[in-house]
Amino acid sequence: MPFADSDGTAIYYERHGSGPVILFVHGSGGHHAAWWQQVAALREEFTIVTVDLRGFGKSDSSMAEFDGQDFPGDLVAVLDQEDLTDVMLVGQSIGSVAALRAALLRPERVSSVALGHSLGGIAHPELRELAAADRAEAVKLPVIDRLLTKRFQQERADLTFLFQQMGTFNVAKMADLRNLDANGPTLEEIRAVQEAGVKVAFLAGEKDAVLSVKTVTRAHELLPGSHLEIVPDAPHSMYWETPEPYNNSVAHLRRTLTAQKGPA
């Protein structure tokens, strides 16, 4: 079982398949095993790397408290240990914030980053206001309804139960991570790494109850050179509920963004 050293913290990760690298970064209720439907579908064409951020899964969870500001360093530790280059980082929700910051820290290793169901913690007043409005509507719903559609919950009670069980393997909770997107990167900082050749994509679900397509589209408009991929009929946790179209979108981004050499 491989572990990377992130400033004294043991970070668990797995590597599967071969080909261009995609590194998946889980959200607040996930860990490396949450990507089972992605690993099985994509490992024949791509090298798939899955990671447990500190406090999650098999990574060190012994610290008295958790600071989301440490997450990008956890990803960098894996990138450096495996000596990975031309990597596409794919984040899920809060994992996208860590992914974007890791890309800013290691542009020589990261060729693209896909922000799944997230604005990546971008510091911008209009986006902050739009995201807050989306969040105000989302909190009116039970947590499970924010993440999966009611139809899926009814038709796939088995996978819904497993989805809920995934989070029980984690010590860190969402309440511990509120500062994750504090002091986020500005559009200017992101444009600088775009000029260095790092592609940025927004990956949104049409039925996301946490972050609306309208808000994500606005972020795309404010970041020239970025890419926008909208998965039809997909909820916030589309990697789980609608894996086939999600996997197709991820594969499309990996192929497309790899083919586009040079600055954005």
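The following questions and answers go through a predicted model of one protein.

Trainee: How are residues numbered, and what limits apply to a predicted model?
Mentor: Residues are numbered from 1 along each chain as its sequence is written, and side-chain values use heavy atoms, with hydrogens and water left out. In this predicted model local features need pLDDT of at least 70, totals for chains, interfaces and linings use all residues, and side-chain atom pairs count only at pLDDT 80 or more.

Trainee: How many helices and strands does the protein have?
Mentor: Helices (H or I, at least four residues) and strands (E, at least two) are DSSP runs, numbered from the N terminus. On that basis the protein has eleven helices and eight strands.

Trainee: What is the radius of gyration of the protein?
Mentor: The radius of gyration is taken over C-alpha atoms, and the globule rule is 2.2 Å times the number of residues to the power 0.38. For 264 residues, a compact globule would come near 18 Å, and the value for the protein agrees with this. That value is 17 Å.

Trainee: What percentage of the 264 residues count as buried?
Mentor: Buried means under 20% relative accessible area, exposed over 50%, and partly exposed in between (1.4 Å probe, protein chains only). Of the 264 residues, the share that counts as buried is 53%.

Trainee: Is Asp74 buried or exposed?
Mentor: Asp74 lies in helix 2. Contact means heavy atoms within 4.5 Å, and, not counting residues up to four places away in sequence, Asp74 touches Ser6, Ile11, Leu53 and Arg54. Its relative accessible area is 0%, so Asp74 is buried.

Trainee: How many residues of helix 3 are buried, and what covers them?
Mentor: The cover includes strand 3 (21-25), helix 2 (71-81), strand 5 (87-92), strand 6 (110-116) and helix 8 (187-195). Among the buried residues are Ile94, Val97 and Leu100. Of the twelve residues of helix 3, the number buried is ten.

Trainee: Which strand pairs with strand 5 in the parallel sense, over six bridges?
Mentor: Two strands pair if DSSP finds at least two bridges between them. The chain passes from strand 5 through helix 3 in a right-handed β-α-β crossover; right-handed means that, with the strands pointing away from the viewer, the path from the first strand over the helix to the second runs clockwise. The strand that pairs with strand 5 is strand 6.

Trainee: Which residue in strand 7 stands opposite Gly116?
Mentor: Strand 6 is largely enclosed by the rest of the structure, because seven of its seven residues are buried. Strand 6 and strand 7 pair in the parallel sense over five bridges. Opposite Gly116 stands Leu203.

Trainee: Which residues form the uncovered face of strand 8?
Mentor: Strand 8 (residues 227-231) has a covered face made of His227, Glu229 and Val231. One of these, Val231, is the bridge partner of Gly205. The uncovered face is Leu228 and Ile230.
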